[in-house]
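Hi,

Here is the structure I promised to pass on. Have a look at it first, and then read my notes below.

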Amino acid sequence: MIKEFIKDNKYKILIEENTICIRNYIRIEDISPLNIKIKFSDMKLLIKGKNLIINKLDSRDLRIIGNIIGIEFINEQ
């Protein structure tokens, strides 16, 4: 069971008040205080808001904080 969790390559997005946590992203495509665009294997995620900053960043996990106004999924198929 632990092996399956470690090998899990599916992306996960957790949205809480003023925070978005993302797991298994590929890269950050664009960043500004108003928009952050994240690339996944089959889509992109556009986060819109004010005073957006990346609070945590490593090769698998990303945490964005700020006044989040909306999110938009962009299908790449």
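Predicted model: local features only at pLDDT ≥ 70, side-chain atom pairs only at ≥ 80, totals over all residues.

Before the notes, one term: I call a residue buried when its relative accessible area is under 20%, exposed when it is over 50%, and partly exposed in between (1.4 Å probe, protein chains only).

Residues are numbered from 1 along each chain as its sequence is written, and side-chain values use heavy atoms, with hydrogens and water left out.

**Salt bridges**

Searching the whole structure turns up 4 salt bridges. The term stands for a side-chain nitrogen of Lys or Arg within 4 Å of a carboxyl oxygen of Asp or Glu. E72 is a partner in one of them, with K48, where the closest N and O atoms are 3.3 Å apart. This pair links distant parts of the chain, as K48 is in strand β5 and E72 in strand β6 (residues 61-75), 24 residues apart. Strands here are DSSP runs (E, at least two residues), numbered from the N terminus.

How accessible are the two? K44 counts as buried, at 17% relative accessibility, whereas E29 is partly exposed, at 31%. Through shared partners, salt bridges join R27, E29 and K44 into one network.

R27 is in strand β3 and is partly exposed, with a relative accessible area of 42%. Its side chain also makes a polar contact with the side chain of E29, at 3.1 Å. A polar contact is a pair of N or O atoms within 3.5 Å; within protein, one must be able to donate a hydrogen and the other to accept it, and residues adjacent in sequence count only if both atoms are side-chain atoms.

Which residues does R27 touch, leaving aside neighbours within four places in sequence? They are K37, I38 and K39, where contact means heavy atoms within 4.5 Å. S59 is 32 residues from R27 in sequence, and their C-alpha atoms are 8.8 Å apart in space.

K39 belongs to strand β4 (residues 35-39) and is buried, with a relative accessible area of 11%. Not counting residues up to four places away in sequence, K39 touches Y25, I26, R27, E29, K44 and E76.

**The nonpolar core**

Nonpolar side chains tend to be buried together in soluble globular proteins. I use "nonpolar core" for a set of buried Ala, Val, Leu, Ile, Met, Phe, Trp, Tyr and Cys residues joined through side-chain atoms within 4.5 Å. The largest one in this model has 12 residues, among them I20, I22, Y25, I38, F40, L45 and I64. At least two of the core's residues come from each of β2, β4, β5 and β6, and the largest share, 4 residues, comes from β5. Take I22 as a way in: setting aside residues up to four places away in sequence, I22 is in touch with residues including I38, F40, L45, I47, L62 and I64.

Most residues other than glycine have a negative phi. N18 has a positive phi of about 65 degrees although it is not a glycine, and the phi of N24 is also positive, near 65 degrees. N18 lies in the loop between β1 (12-16) and β2 (19-23), and N24 in the loop between β2 and β3. Are they buried or exposed? N18 is partly exposed, with a relative accessible area of 38%, while N24 counts as buried, at 15%.

That covers my notes; write back with any questions.

Cheers
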